[in-house]
Amino acid sequence: MLVPFDVCFASLSAQLYPVRVRVVNVIGQAQWVTAAYVPIVRRLKERSADARARLRRSGVLQRTLYAAFREYIAFSHLGFAFKLGTRTLKVCPRTLLYLCDRPEERAVFCQIGGQCEYPCSVCTVRVGVSGAATAVNSQERKAIDVLEDQVEAMELVRSSRRRSRRVTLEEGASNSSYAPVFGATAGLGTDPHLLFHMVGFGILHVRLVRCIIVGRGAPGVSKGTNCYQFDTMKNFLGLQFSPSCSICRSLR
Amino acid sequence: MEADLRALYEMNRTEVSGDDAADSGRQQFKYAAVSTHIRALYEEMQDVQRAMPLAVLRRKRPHTGRCNFYRLRALQQFVLEVGGAGLTLAEQDRLFDFLDVWDRTKPGMPKDAGHFKTLRDSFDSASAFQSALADDLDVAVNEAGWKKVVLTESGVDFETYFRSVIEVVHNVITRTDAGKFRWWSGGSAPAPIDERRETPMDGEVFKMFESTMTEEHGEDACVLGLHVYSDSSQLSSSGGTFSFSCSSAGESCCPLSE
């Protein structure tokens, strides 16, 4: 029986938002399929409400993502067999792009949102120098190191031990005490460690369009997708980025 | 009405002559009663006189009254009232198609054992009908692999819904026509990295994964690229059309010249 699943969840749409996936090997019109519905976490009236809400939001998102992607993560390492005529293919799924907006990006990477010491999701530029020329020399976040810190912090939270160590780990790169689920996926958390390069923004989410797109034209880039994958955008478009803008730097 | 007003004007107003009247270019009157003056002002605008019937007729001789028996009148009432505002034109199209099937008059429709059965033959009441719909929906949702779980975060419970992404991916592969599915970026084999950017499979990352897989597992290995989308926040009202200084985040963004 063919059932429009969005209809089933339509009454809950005020409290949930969808996670959708698309297989890029399918040619033609992009087909997005809903794989999960994440509850919207609201700020409660309590002590340090903002911080707690952020932590809850990150936790709920990561746990929902893990529930949906659990087997996918296993198959990304092992691959699965698929019979194609007389051939048996070994198919390995790989996550190429995570489309979201900037607050969601911080939640997906389990990084502290809003004002923090390290506001860039991709590099370790400090907020105090993010507009300065010296920001150009700041190092990129190394997925393997960041993931190790986040896993340690998550362990400490779950065992309610060594709060000071956890706080130090969080402050080290403005990470929250959760490990990003996609860090367990092959290719993102393993070689070539593309975790921090997987996020792209829908073009409608980009408010700094003039800052980012210089207008050289992008024939073919947006074909099949309505977004621009910024980590490879420079190659795609030959873009110019402002060296003194940390957001531009993060998109390089 | 017009005659009444004319009589009223005769009794209540006298023409005023002077500089103001000359400047305005229209006759000025002095009224004995303010109520008449008000009416005269609005009558002068001729709004009622310019008014036209609300509906612009679609044809010269409208075929009214064709819903002329009980069942069609009930249908008309349903179409005009359902959901508070009635059905849209597109929904009316769909309803017509559905009723065509229900009346067994749609050309080429299949015949089965229930071809001549009525709704009452299957459902005794509205609640039985509702239950049947809900049951089918529940089973379909479960068959599609949807699950729910309660997550407790900092003492607060959240109910989340999910299904296995790998099963979704399997379904996409098996249900897609072979002609619309590309296993390799080059069609029958991995393509080299080049300047071509027609599909997401032409990206450098995809091709890099492909070459790694081919090196490790041979020619029968391929990569299944996945894009994920989730978005908890709303779009900005600007629709992404203006730049701003990110002072709130301590960052300053400088637009580049084109």
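In the predicted model, Ser154(B) is exposed, because 12 other C-beta atoms lie within 10 Å and a residue counts as exposed at 12 or fewer. This serine is not a glycine, yet its phi is positive, near 50°. Ser154(B) belongs to the loop that joins strand 3 (147-153) to strand 4 (156-162) of chain B.

A positive phi is also found at Ser174(A), about 55° in a residue that is not a glycine. Ser174(A) is buried, with 21 other C-beta atoms within 10 Å, and is located in the loop between helix 5 and strand 5 of chain A. The loop between helix 5 (163-173) and strand 5 (199-202) of chain A also holds Pro192(A). The peptide bond from Asp191(A) to Pro192(A) is cis, with omega near 15°.

Chain A comprises domain 1 (1-40) and domain 2 (46-206), whose C-alpha centres are 22 Å apart. Six residues from domain 1 of chain A and six residues from domain 2 of chain A make up the contact. On the domain 1 side, strand 2 (residues 33-39) of chain A gives the most, with four residues. The residues of that side are six nonpolar, no polar and no charged.

In chain B, helix 10 (residues 204-217) has 14 residues and should span 20 Å at 1.5 Å a residue; its end C-alpha atoms are 20 Å apart, in agreement. Buried residues of helix 10 of chain B include Val205(B), Phe206(B), Lys207(B), Phe209(B), Glu210(B) and Met213(B). Their cover includes strand 4 (87-100) of chain A and strand 5 (221-230) of chain B.

Note on methods. Residues numbered from 1 in each chain as written. Chains lettered and ligands numbered in written order. Predicted model: local features only at pLDDT ≥ 70, side-chain atom pairs only at ≥ 80, totals over all residues. Helix = DSSP H or I, 4+ residues; strand = E, 2+ residues; numbered from the N terminus. Expected span 1.5 Å × (residues − 1). Buried ≥ 20, exposed ≤ 12 C-beta atoms within 10 Å, placed from the backbone. Contact = placed C-beta atoms within 7 Å. Domains from an automatic or database assignment. Nonpolar A, V, L, I, M, F, W, Y, C, P; charged D, E, K, R; others polar.
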